[in-house]
Each structure stands twice: as structure tokens, then as C-alpha cells.
Amino acid sequence: MRAAMTGLGSVCSLGRGTQALWEGIGSGRDGIVPIRRFSTAGIKVKIAGVVPDRNEESQGGIPSWELAVEYAIDACREAWGMAGLDGAGIAPERIALIVGTSLGDHDIPLYQLTESIAARLGIRGPAITISTACSSSTNALGLGLDLLRMGAADVVLAGGTDVLTPIMLSGFNALGVLSAGKCAPFSQPSGTTLGEGAGFAVLETEAHALRRSARSYATLAGYGLSADAFHETSPEPTGSGVARAISGALADAGLSADRIGYINAHGTGTVANDPAEWRALQTVFGGDTSIPLSSTKSIIGHAQGAAGSLETIATVLGMGRQMVPQTLNFTAPRRNGPADPVAGSRPRPHAYRYALCTNSAFGGANAAVVLGTPGEADPGSHAGYRNKQVYLAGIGGAAAHGLDIDTLLDALENGVPGVTGGFGVGAPLNGGRVPGFSLAEILPGVDPRGQDPSARFLTAAAGLALIDAGLGVKRTRRDRIGLVMGVNRVSEESRNDLQASISANGLPLLSATAFSRMVLNAPVGNCSKLLALGGPLSTISIGEGSGLAALVYAADLLRNREDADAMVAGGLDEAYAGSEYPRLGEGAFCAVLTASPPQSETPGIRAAGWGMAGPGRLASAFSAALAMADIPETAIECVFGSRISGILEAVPRIEPEAALGYGEAYASAAAFAAATLWLRQGKAETVLVASGAGGSATCAMILTRRMENG
Amino acid sequence: MTLENEVRAIRQAVALSGAQGRSVFRLSGAGANAAADKLCPRELFLRDGQMLHTLLLNERANPLADVYLCADGEDYLLLSEGPTASELHGLIRDRVPAGAKTEITDVTADHDLLSLNGPYAWELLSEVISPEVIGLPYLGFYHGDGFTCFRAGKSGEFSFDLLLPKAKAAAMRGRIVEMGSAFGLIEAGDEALDLCALENFFFNIRHDTDPEATPLELQLQWRISYRKEYVGAEALRQRRKHWSKRAVLIASPDPMHKGDKVFGGNTGIGSLLYAARSPDRGEWLGLALMELDHAHPGVLVECASPGGASARARVLSAPAINNRSLYVDPQRHAYATRGEDKFPPLVMVLPK
Amino acid sequence: MDNATRGLIAAREEVLAKLRLALIEKMHVRRAADELDPDVALFGSGIGLDSLDAVELVVFLESEFGLKATDNDPMIMRGSMRTLNTLIDLVLAFGKTGFTYAKGAAHDA
């Protein structure tokens, strides 16, 4: 199934609105200007693509998250209006919002930024944050397509927003990847230019758009995700990860590579990105491909988490006119670069039906989307709708109970059964902290050096889950095992390291390592590297319940796609100072989901159904899960999760969080692990894992030992 | 002049070498990881396609073999220099844990190694085999069509080893020589490679040996761990409690020779493990194993040969060459246009 | 050994100690200080730093020794980021270390 893109909205360095964006491109302008909003003292790079009416010194005091919200709301409103949705009578709870955003070092967690946008727009469906650094909004568009396929919303606003901050400029400068002048992708000199803004698209099913006679500007035909499993900030030089994301997108769209007529490349202009990306494209499209390829970053700058959606919008605007946007500043080609970089100062007429947008990020998260001109027939109705069974193959955890998952149920004794009432009573086990452990001891061969606690907890949990699943921890990169994690905050230790380096040396000399960890995806990317997992990679955040949201996303990827055999998914929290919760816990829990029944003697467990709905609407998520599982409500014998209300009031509740300590992201994954143990021990046949009322979305997943639906 | 030409090719163009005295073994089977871990005197953290530089030691902790361990899927490849293939086979067999399900195969029984060294080695090789070599990270390897290409070396320049079946080696060599003519390729022998290793302070198993020299003295602590058990570990731990010498690079305008005694004032403080004349520096370089107190750059020493000649020398900071490969960027540079590119001199002198 | 040489050695050892500490604390090298030999490659093999560490190292050289990459020829910076000893050479030649020994002694031929 494909999605119709019926509305587009943008805010970027060329101005507010898609008209300003295309007029800028059409007239050969760029939006790259001297930065005035904040001081660039001590940093040699003084230019960026700044939103023109937000580049005054007097605006320097606006908190970065407020600007991110403002850009997003503007872009969403434009897209909403363009789609003709005002007065269209769409129920607010059937509208989803997916925000891709990168920097996790605002004053508030990213999911609150998304909640704030949803609240201002009156959206009451799922409000989900994707934070995989520079590929965030590309991934967000893809997740939007999945939510429509899942039936979790009728209309999705998906895209990204990001703000240029002094830390972002200093961090990229410290990493040595900025160009002193305007960036020249695939040309000389090397280096990128930062940007900011927001880009959002209205997505709906083609049938839904048709029913309300809405004009479609393009179709979102498919998307793909992958992990480099290589390095924190450097792309894998052969581009194999990028190639996997592109191949995944083509497969999801049911298209062969030769149908693509234009590529909007990530094209940051850095020494490392451009050649690796070009090699990836050669892998997919053939070594001598002459497909026109350009980088919009030369025009608007690198808008980080918003880059993918802004570049997608630029592509769609061009596609509607049968033009391809140009690459500015292309003077001297680099060796072994693209044959046709659309060099010049104006867009070029070009006949094409499909385009590809690709983005790559720190942490090795790659994402690509395939866009089609409206009216192109969906070649395979099976594409994106495979409805495979999803099985549970293994679980692992690192939390207050220790690292032995089988002790989890013992550890939960004071929380079993029927403990309700929110945050529990008494002190959590071990003060809610993960006991000390050696990663190298529990996962021989895994290099533990230089990781922050977040990455260590996650790698331990994911590694133990793979071992529990019989898949083991291998050195050879496994491209068909993916990793999706629910994370709400960046590592407290790395955040403190960053602040300490700034206090000691000043902003221009901040710690590059700590800076690279200021994206939610950092521990997830590091885990994919340490465990050599090259499949789909994502980091999702909904506040409370993020772990279960990741499990739902991973299950859905397995059910409907062909590019993974197994997904590791779960939630992660690292304790932080200043928490309002006295019983704060920390740790990570992961499960391994597979698309084929596990080969083991113990009875199998199946993820029979799942659903996702807006905040406080667990009943809707639960009904969707029941419908997918095709079982009656009465089959549910036990509910795992905290602060569950409005469903199954008479059924026993089990709350691991009461014993382990409160954690917004990991606790729902702990509930999932506990549910698995419950089923393994034969204490129940069918159970529900649900997320609590505090999240920006609600999730429900039914686990059962019955191998067939109905 | 031949030696000088060979060194010039390694330092400024590209040179081809055979692989006398080197061997490659494969460890496979369920016990391969345990076997490799047992052999390896440092923590074995490797992902597929990565290699790690280490040593095999004797009981007294003297290096016996200069070794790269390479993670090849779930197998390991062991690239070794020093012992003969049969000696190495014996060493591995003796050290692999009893009952380990490991097959040990001498790959070099039917394979040859070809080495390319030089700032433009990547460029020649990208034309001879595939452009993939340009993206190959240092200490990485990959399998191509009928060959395996490793990126690691001891010349301080871009350095690749090609492992290929003996039947195909002659044809590949011919191809490299033929296409190499456009890159200034010449063949370089051991003497030139040894000199380059010395200039770059790379350990050279052919020369840098002494009963007193363990990884501690040889500045090779990075290749071992004190927290692991392996042959030589105990000797090394004992040595660490009281060690007194360090191998350092010294330079002199006058000739120096392997075996020369090193004096600080009138006191004997060490001896030369190896020495050779560096054409790029226009002086003699030596590897001196000498008392720690004197083993600091800037310190002046005297080298005396048994014949009575003496050379005034000073300790250098290693490496002694500002390798061109640091500055050659495959994205921007090419051998053909090297004349237009600006590179820093091969010998860096800090302004005073 | 004359006093000038002793002074030079003392200065080198002081810088060496600081650099080793930075490698361990800021660049997370998991080695004891005395395992970080002074002539061993910092990047790639040897001590095994990577591009992120290079950034940390440049920052450290500036904050600790007042060495600015932009003040000096960037090629000199690059050419000096080889081993602990070449870094010490750089610090002694350009850094604000406060040592009073005769600069350049390390390179007297």
C-alpha cells in the first residue's frame, strides 16, 4: 500500500512556505547567510542556512525547543491547509503526528516537544518522535506510511523539525565536517553547511484521499531503513548500509531500480559522506549509472532532523513540475563522483515518474524513501502488506534485578500479583540501579571500551536477548537483524561530559565524543555496531511506553517487510539527576522478534496482535490488537504494564516497574519481558502488554502461546 | 642506487614486493574463536573484516612472530612474519587448547602474497582489482573475485597485501607490473622495506630481536595485555616490575651498524639492533636498545663499532618520516597530477 | 648528561604525563599510563585513536597548552599528530608550557 501526499509544508532558510522554497530553488538562490541569532565567537565557520525571520540577535534568547515547535507548527499548518483538511471532519483522534528531530539536548525531552506540537494543532492520535539524527524525518515519513498501513490513523502529519543551536554549530565544527564557505556537495571544497527548519507532509491512504477528492501531490511508495554498524560519526566507506536502506525502500515500493528517474542525495559535502553515498548508489543502480542526482543541502543547508523531509518536499515540488533541483556550488568534480550531479544554478527539466530521497546519520542510521508521481499504479498490492506471523524468540535485560532474566520474576515478587497504584511503594530493588557488570564478560568478543551507561545497558540487554533467542552474538555483520529502541533521553553521563567540557574549555572546544552522543539514537547506533546488526535501525520516543512502542514498530516491520528476519526491540533508560520521580529506576530490556517460528523445545510464543492509538486511548489500541489477533477480549488472562486504566479492569495486573523502579522507556519493555516469562512458565496462555496513560501515544500488544489466530 | 630508487617508489609512488618469510594460516571450526583468543596476547575485539596487530611470544616474552589476526566470518586468518610456515604451524598447534575443535590450515601452501606500498598504492590497486579498495579502512580486509585484499603494512604508506591462489599469482603480478608503469611502480626488496620500517619505527621481526627485548623494551606494549594469560605473559609481568631499557630511534651523520655499542658519556648504555642509511633524511638511522634514562628525544649519544669507528648520534622522536600517505587523499589526488599537488616535505622540521 | 639535557627530559616527561592522562581520561584509552609508549602510533593501530579522538586531542592541545591549530601550519599539526613524542615536540615548540629550557634542543643535530 502506498500513501498519498496531499499536503506539504516547509520552513527553511529560503523562507516560510513551500512557495518560498520552490521560488528560491527556481531562481537559483540559496538560504545560506551569516549567523546572527547567536555568537559564533571562537568558531571559524560563521554561516548556515538560518530561517530568515529568525536570524536576529534579539531572538537568541528563544529556547531552541520553542523554535523547533514554532517551525513545525508553521509547516504542519501549511500542509494541513494545502490538503484541504480544515473542516473536512477528520476526528482529532484519527490524526497522527510523527516528528523526526535530532538534537536531544534541549531543555525538555524530545517527546515533550512533539506533544507540544500536537497540543497546539489539536491532534489527539498517536504523537510519535523519531530521533535518528540526520535521517530522523526520512524515517518519520516511513513510519507515517506504516501507521496508515496499520490502520492507526486516517491522516498522518509526518516530517521533521530542527533548530540550529550554538552547541550544534560547535559540535559539527569540532568534528571538522563544516565547510568554511557554502557547501559544495560532490565537489570542492569538502565540508557541509548546517541549516534548520521544518518540513511536514500530510499522508493518507490513496482510498481516503480519493473519497474526499483531495489532490495528491505525490505518492509515498515505500521506505527503507538500515544500520551501518560501523562508527559513531563516520559512514561505512563502501556504502553498503546506505545501499541496504535504498534496496529496502525499492522492495517496499515494489519497484526495480531502473524505475527511479531522479535521486535527491544526502550529499552533505563532507569528505566521508559523499564518496560512500555514491558507492552505495552505484551498488544499487550500477557502476555506470547516469541518473541525475543532486543535493538540496547546497541550497538550504543541512537541516539535521528536518533534512530528509525538507529534501523530500523539494523533490515533490520538482516532480510536480517535471524538474529536478540543482546542486549549487558544483565547480570541480571530485574523483569517482556522480556522472550527473545536476550542476548549475537552476533546476532542470526532466521527465521521471519516481524519485528516491536518501539520508544517512551519525550512529549509522540510514533511511530512504521512494516517491512517485500521482497516478502511477501501485505495482503490487502485496507490497507493504505481507501479514506475516511474528514470533517471540528471546528476551534479555539489564536492570535493578541484574542481568539474569530468569531472576526477573523472583525479583518482581513484591509486585505480583495485582499491585496497582502507580509508582509502587517502598524502595525499588538495588535502589533502582543496574548492578555493576562487565560487558566483555557477559558478551565475549564485544568491545566495551569507551561506551556510556546507556550504550552498555542496551548492548547487554540486546546481546542477552540474541543469545536467549539462539541467534548468539556474532562478529559477522548480520544485515537481516534490525534494532528498534524506545529511548526518551540522551545518556546522563555523556550529557554531563559535554557540559563539563564546555565549562572547562568553552563552547568552541566542546567534547566531540560527548556531542556525538546528544542524539537519542547514539546508544542504539553503538549497540548495532557492537553487536554487528545491519538491519533496519530506529529510535522512537513517546515518553511513557517508548519501549513498547519500539516493540510494536519492530513487530510491524517484520510483519509487512522482507528486509529483516529478526528484530531486536525494547526500551532503555539511564538514571538522571533532578527527576521528579523518587523511585527512579534504569536499565534496558530487549526482545528478539522473528518472522519464523523459533526452533526450540520450549513452547513458542507469538505476538498475535498489536495496536497504537493517541494518548489516553488505550482502549482503541487494545481493540486494534484484538482485531489483528482475532481473539475475544475474554482470552486475556493477565495484563502487564503500569498505570493501565480503562480496559480489562477485572484482569490481574503485573507491574515490573513497582519492583525495578520507574522508567519511562524501559519499564514497558520490562513488562514485555515479564509477560514472556509468565507465558514460558505456563502461568497463562494469552496476555496483554500495555503502555500507561502518560505517553504521547498508547500501545497494546497481545502475546500468546497459541500458534494460530482465532 | 637501486635501494634508493626502491625507497623513493615506496615513499612517493608505489612499489611491489613479494612475501618471502610471511605465511598465512586459517583457523576454522567451532573452536576457532577459543583458539584465536588463546593465541592472541591482547584482548580480541574484532568484527568481521577487521584485523588486529599483535605478536606471538616465547616463554621469555621475546617476539617469535609478528602477527595480524583477521576475523573472517567466524574463522580467523593469521598473517605472520618471522617463523617458517612449519615452525608457525607447530607454534599454533602447541598453543591451541587441547580438544578445541579447530582446523589449522596453511593457506600459503597454495596461495601467494603480493604487497603494494606507497602513497598511490590505492590508486593502482583500484584500477587493477576494484575501486572498493579505496574505501577499505586501515586494518581491514575484504574478499574480492579470486583474491583477498588486506590493508595493513609496515612502511608508513598506503599498504595492501593481496592473497591469491598460486595459479593466479603470476598473472596478477604481470597485471600489476603492466598497469603499474603509469604509477612509477618498481619492485622493492627486503632491504628497502626494512629501511622504511626503521624510518617509521615499525617493529621488524627480521632485525629487531635481542634476548633482552620484550614488548616492554620494544615499545610494543600496545600489542599485548597484562590481564590475559598466554605464552610469555608471566615473564612479561615479572619484567614490568623492573625494566630498564627502551628501543628508540637514533640518527647520525656518520655510519652506524647493527651491533654497535651505545655510550652516554663514558658509560655503556646499550646497543644497536639495526641501522641503515636513510636517503630521504640524508643521515643514518639506528634502532638503539638503551637505558631508559637516556631514551628521550634530543639526548646525545655515541655509537662505537667493534672496528673502532664512532658516530655521534641523537635520539629522535619516531617516526622519522612525514609520510606522504598522510596527505594523499584518494578523493582529491592522483599520481598523474602529483606535480600540481602541494605536499609537505618528507622530513618535517619544526620551526624554532 | 648536561643540565640542559636534564631540563629537556624533565620538560618532556611533564608533557608526556599530561598527554597520557588525557588519552586515558578524555579519549577513553583503556590502558595504564605506563603502557602508553612514547613512540607508538596514536591513530589506526598502536594506541588506536580514531577521528573522534583526533578532535578531542586538538581541543586538549588548545585548552591545555594553548596550541591553536589555526596559528600554526595545519600541515605541521597533522604531521605532529603521530606519536606521543611528536606531540611533545609540537608542544615544546609552540605551546605555552612555561618551561625555561632552550627551545629547539630536541632538534639540534
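Modeller: Gladly, and please keep in mind that this is a predicted model. The largest cavity holds about 310 Å³ of space, and by the rule used here the count comes to 12 cavities of 30 Å³ or more.

Colleague: Which residues lie nearest the centre of the largest cavity?

Modeller: Arg22(B), Glu81(B), Lys154(B), Leu193(B) and Arg206(B) lie nearest its centre, out of a lining of 23 residues.

Colleague: And which elements of chain B each supply at least two residues of that lining?

Modeller: Those are the strands β4 (63-72), β7 (111-117) and β10 (159-165) together with the helix α6 (190-199), all of chain B. The largest share, four residues, comes from α6(B).

Colleague: What about pockets, say the second largest pocket, how much space lies in that?

Modeller: About 480 Å³ of space lies in the second largest pocket. Its lining is made of 30 residues, and those nearest its centre are Glu493(A), Asp497(A), Glu25(C), Lys26(C) and His28(C), which come from chains A and C.

Colleague: Which helices each supply at least two residues there?

Modeller: From chain A they are α12 (439-442), α14 (492-505) and α15, and from chain C there is α2 (51-65). Of these, α14(A) gives the largest share of the lining, with seven residues.

Colleague: Changing topic, how many aromatic pairs does the structure hold?

Modeller: Over all chains the structure holds 12 aromatic pairs. One of them is formed by Phe172(A) and Phe515(A), with ring centres 5.7 Å apart and planes at 75°.

Colleague: Why is that pair edge-to-face?

Modeller: Planes over 60 degrees apart count as edge-to-face, and the rings of Phe172(A) and Phe515(A) have their planes at 75°, so the pair falls in that class. This pair also links distant parts of the chain, as Phe172(A) is in helix α5 (residues 166-174) and Phe515(A) is in helix α15 (residues 512-516), 343 residues apart.

Colleague: How accessible are Tyr120(B) and Trp122(B), then?

Modeller: Tyr120(B) has a relative accessible area of 1% and is buried, while Trp122(B) counts as buried at 0%. Ring pairs also join Tyr120(B) and Trp122(B) with Phe158(B), Phe183(B) and Tyr335(B) into a cluster.

Colleague: Which arginines lie over the face of a ring?

Modeller: I can give you two examples: Arg456(A) lies over the face of Phe437(A), at 4.5 Å from the ring centre, and Arg240(B) lies over the face of Tyr226(B), at 4.0 Å from the ring centre.

Colleague: Now the backbone, where do you have a cis peptide bond?

Modeller: In chain A a cis peptide bond joins Gln188(A) and Pro189(A), with omega about -10°, and Pro189(A) has its place in the loop between α5 and β8 (197-205). In chain B a cis peptide bond joins Ala318(B) and Pro319(B), with omega about -5°, and Pro319(B) lies in the segment after β17 (310-315).

Colleague: Which residues other than glycine have a positive phi?

Modeller: Among them are Ala532(A), with phi near 55°, and Gln219(B), with phi of about 55°. Most residues other than glycine have a negative phi. Ala532(A) is placed in the loop between α16 (522-530) and β18 (537-541) of chain A, whereas Gln219(B) is found in the loop between α6 and α7 (233-241) of chain B.

Colleague: And why do both count as buried?

Modeller: The cut-off for buried is under 20% relative accessible area; Ala532(A) is at 3%, so it counts as buried, and Gln219(B), at 1%, is therefore buried as well.

Colleague: Last one, where in chain A does pLDDT stay under 50?

Modeller: That is the stretch of residues 415-423, for which the model has 20 contacts beyond four places in sequence. Chain A averages a pLDDT of 92, with 96% of the residues scoring at least 70.

How values were computed. Residues numbered from 1 in each chain as written. Chains lettered and ligands numbered in written order. Predicted model: local features only at pLDDT ≥ 70, side-chain atom pairs only at ≥ 80, totals over all residues. Heavy atoms only, no water. pLDDT = per-residue confidence, 0-100. Contact = heavy atoms within 4.5 Å. Phe/Tyr/Trp six-rings, centres within 6.5 Å; stacked < 30°, edge-to-face > 60°. Buried < 20%, exposed > 50% of the residue type's maximum accessible area, 1.4 Å probe, protein only. Lys NZ or Arg CZ within 6 Å of the ring centre and 35° of its normal. 1 Å grid on protein atoms, 1.4 Å probe; cavity = no way out; pocket = protein on both sides within 12 Å on 5 of 7 lines; lining within 4 Å. Points joined across faces, edges and corners; volume = space filled by probe spheres on them.
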